Amino acid sequence: MGVVTPARPAAKARPARAATRVRHRDGWWAALFLAPQVIGLLAFLVFPLGFAVVLAFMKWDGLGEKSWAGFDNFAAQLSDPDFGTAVWNTVKLAFLTVPVGLALALLIALALNQVKGKTFYRVVYFLPVVTSSVAVAVMWQIILASGDYGVLNRTVYDWFGIALPNWLEDPGWVIVSIAVVTIWSSLGLNVVIFLAGLQTIPPALMEAARIDGAGPIRVFRSVTLPMISPTVFFSTVVAVISSFQAFDQIYVLVNPDHNDGARTIVYQIYDLGFQNFEFGMSSAAALILLVLTLLVTLVQFGVQKRFVHYDS
Amino acid sequence: MSFPISKKALAAAALALTATVTAACSGSGGGTTGGGASAGGKVTIRWSTWGSAEDVALYKGFNDDFMKRHPNVVLKMETVPKYEDYHPKLLTQLTSKTAPDVFFVGDDNVGKFVAAGVLSPLNDKLAGPDSKSKPEDFSEGIYGGAKKDGQIYGVPNDTNPEVLWYGKKALKEAGITEDPAELNAAGKWTMAKYLEMNAKLKAAGKAGSLFWNWYGSTYSVIGGFGGKVWDGGRFVATTDPKSRKALETLAKGYADKTFLSADVLPASNGANTQFLKGTAGFFAGGRWMIDVVKKGGDLPNYDIVPFPSETGQPIPGAVAASYLALNKDSKNAKEAFTFLTEFVSKEGQLLRLKGGGAVPSVKGAEQIVLEGNYPAHAQTLLDVRDTGFANYPEEVAVPGLTKEINDHLLKVWTGKVAFEQGMTELQAIVDGKIG
């Protein structure tokens, strides 16, 4: 360019070096502050994920030698009827829990948004979320158990003489029972998120709509829903991923080992790895789940462009 | 905006947090990898087991007694309530080198730990002067997969021989006049007679027998038909004609409800309830069944008999066993072995099995079973223990194989898979696993 950089006076060089030293020192401090997060991420996410990917192509019982299996584990899982059952049950669970759970949470949030003492209700609805999932499962086990053992069945039979189904053991009902428990235990989280979303809507916008003659349904459809659509989208993504990862409550609530109706993908992963000691197969199933989750999430992100409004 | 805390202090806190989290996530520590002598010269021995609250209470009694006699040893017991949750945890601990010094291993899992080389060989130690029991104090058959090429890797803690419990009233209501235990004493307790009784119970609107879906029941029935399960390292249960006949009889019995699988019965009308109500004549189980029949309040109504045989002569029956094994990586092997040998010794078993539902594995502690005179033929439990077998070494050496066999058979029992197809698939599963 023909521009000649003028030679710096010697006196100016020292502050420049000092600035570099400060930048280096700040870099070290930054690294130190970041260390806990980075180490945690590497130890508990990157390394296990990498190890699982490697294991998916190996045959390993957890103690002995690992041997190369290529794509055998994937092929075995994709042709295993148990895996098919697990995928189907997981999809059913997602279809039951996500729309019903989110719609219910939105309804409750809309109601709470109108009342005084929101904090109290928020705490009440949030209690199941902070309760141990095992405790929740045991409580629902007591409610839903069959015959004389179950609070629900016994009460209904004693009062009305109606024999209700065997909620936790009948293959046709078990996934519905799991869905009810899942919705109940996650409702509070979605209510709180929706409530937060509702409170970000400028009151002037609602008021303007009402002045223009919009009724409550029109206000909800044309103002509230578009305004909280990013929140709905976020909750949907999280709910779908959570339903794909359902395990702990199901493990305690029913015994999927003896009830194919409750076998989900994560139970299949656990069963293969920690009951059958087929860690390669288990990792392959986990990777298939990862791909499924990614695909569904990508579809959600694709669809959201048409329904989610990010402008305020 | 300025902060009163310096960057150095914050960084130190961040590092301390990292160290704490890392340490917290590195396992329970101690024992195998770091359980050396603590302050005061005491040695900590970690040991793990599964068990109910009642079992744990019995073990605590043993622990307290042991620590009184060995003041230099601190025992740290780690328990898991459910059997099916125990081995996954143990496997994880062994893989990460944080397993206890001494641990229980189930008969369906011991083979793979032996094959993996994580258990300490015990022959020399058991023959040594510090051993409180010798290898021959335990019946050969109950070592199962804990013994390989003559080397012992786990000592039977206690056992539970699989026998048939029967309700005398239920049998009588079905028009059965002969007593199974008396037939057995006369050498006339045959499979044909047993199936005849089951048919009569079915005709009377009852179930013939209740079985838990595990190798103990299934292989005992196969034995009763004169069949084999494993032969020359090969799984022959689906190919040996007598074994296949046994499995087909079971499948047909489950289909027409002559037999009921306890695993799939609803909680409201489970196996215990049905047996106590007299809607099933026989219930295969171990000595632990005493607690079940006690709940019925009619103890004299129940007695036991071994599984029948083809000819009426005694045959080896299945024995559920668990083993106490020494971690090969234990840093306190001497103290760990002292604990192990005392735990499985006659004195140890007399102390910890009193009031429980198990049968001692060691010879000389028979009074545990006989002193209550219940059931009337309690000696049967000891006879089956002395002549019986723990799960086949060939089977338990393959991780997860027993479970896969059981899972697949349950599909056949519940009619999800047709018998012929089920047998073909079962053979393929086993062949695929053993390679």
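Across the interface of chain A and chain B in this predicted model, 6 residue pairs are in polar contact, both residues of each pair being at pLDDT 80 or more. On the side of chain A that touches chain B, α1 (10-55) and α11 (265-275) each supply at least two residues. The most is given by α1(A), with 8 residues. By class, the residues on this side of chain A comprise 15 nonpolar, 7 polar and 9 charged.

Charged pairing is also present between the chains: the interface of chain A and chain B holds 4 salt bridges. One of them joins A:Asp82 to B:Lys411, with the closest N and O atoms 3.3 Å apart. This separation falls under the rule because a salt bridge requires the nitrogen and the carboxyl oxygen to lie within 4 Å.

The extent of the interface can be described by residues and by area. In terms of residues, 31 of chain A are in contact with 39 of chain B. In terms of area, chain A and chain B bury about 2,800 Å² between them, and 62% of this lies on carbon and sulfur atoms. Within chain A, the residues that lose the most area to chain B are A:Leu63, A:His258 and A:Phe277, which together account for 23% of what that side buries.

Domain 1 and domain 2 of chain A bury about 350 Å² between them, with 73% of it on carbon and sulfur atoms. On the domain 1 side, A:Ala52, A:Val53 and A:Leu55 lose the most area to domain 2, together 85% of what that side buries. Between the two domains there are 0 salt bridges, and 0 residue pairs in polar contact are counted with both residues at pLDDT 80 or more.

| Interface | Buried area | Share on carbon and sulfur atoms |
|---|---|---|
| Chain A and chain B | about 2,800 Å² | 62% |
| Domain 1 of chain A and domain 2 of chain A | about 350 Å² | 73% |

Technical notes
Residues are numbered from 1 along each chain as its sequence is written. Chains are lettered from A and ligands numbered from 1 in the order in which they are written. This is a predicted model: local features need pLDDT of at least 70, side-chain atom pairs count only at pLDDT 80 or more; totals for chains, interfaces and linings use all residues. Side-chain values use heavy atoms; hydrogens and water are left out. Buried area is the accessible area (1.4 Å probe) that two parts lose on being put together, summed over both. A salt bridge is a side-chain nitrogen of Lys or Arg within 4 Å of a carboxyl oxygen of Asp or Glu. A polar contact is a pair of N or O atoms within 3.5 Å; within protein, one must be able to donate a hydrogen and the other to accept it, and residues adjacent in sequence count only if both atoms are side-chain atoms. Contact means heavy atoms within 4.5 Å. Helices (H or I, at least four residues) and strands (E, at least two) are DSSP runs, numbered from the N terminus. Ala, Val, Leu, Ile, Met, Phe, Trp, Tyr, Cys and Pro count as nonpolar, Asp, Glu, Lys and Arg as charged, and the others, Gly among them, as polar.
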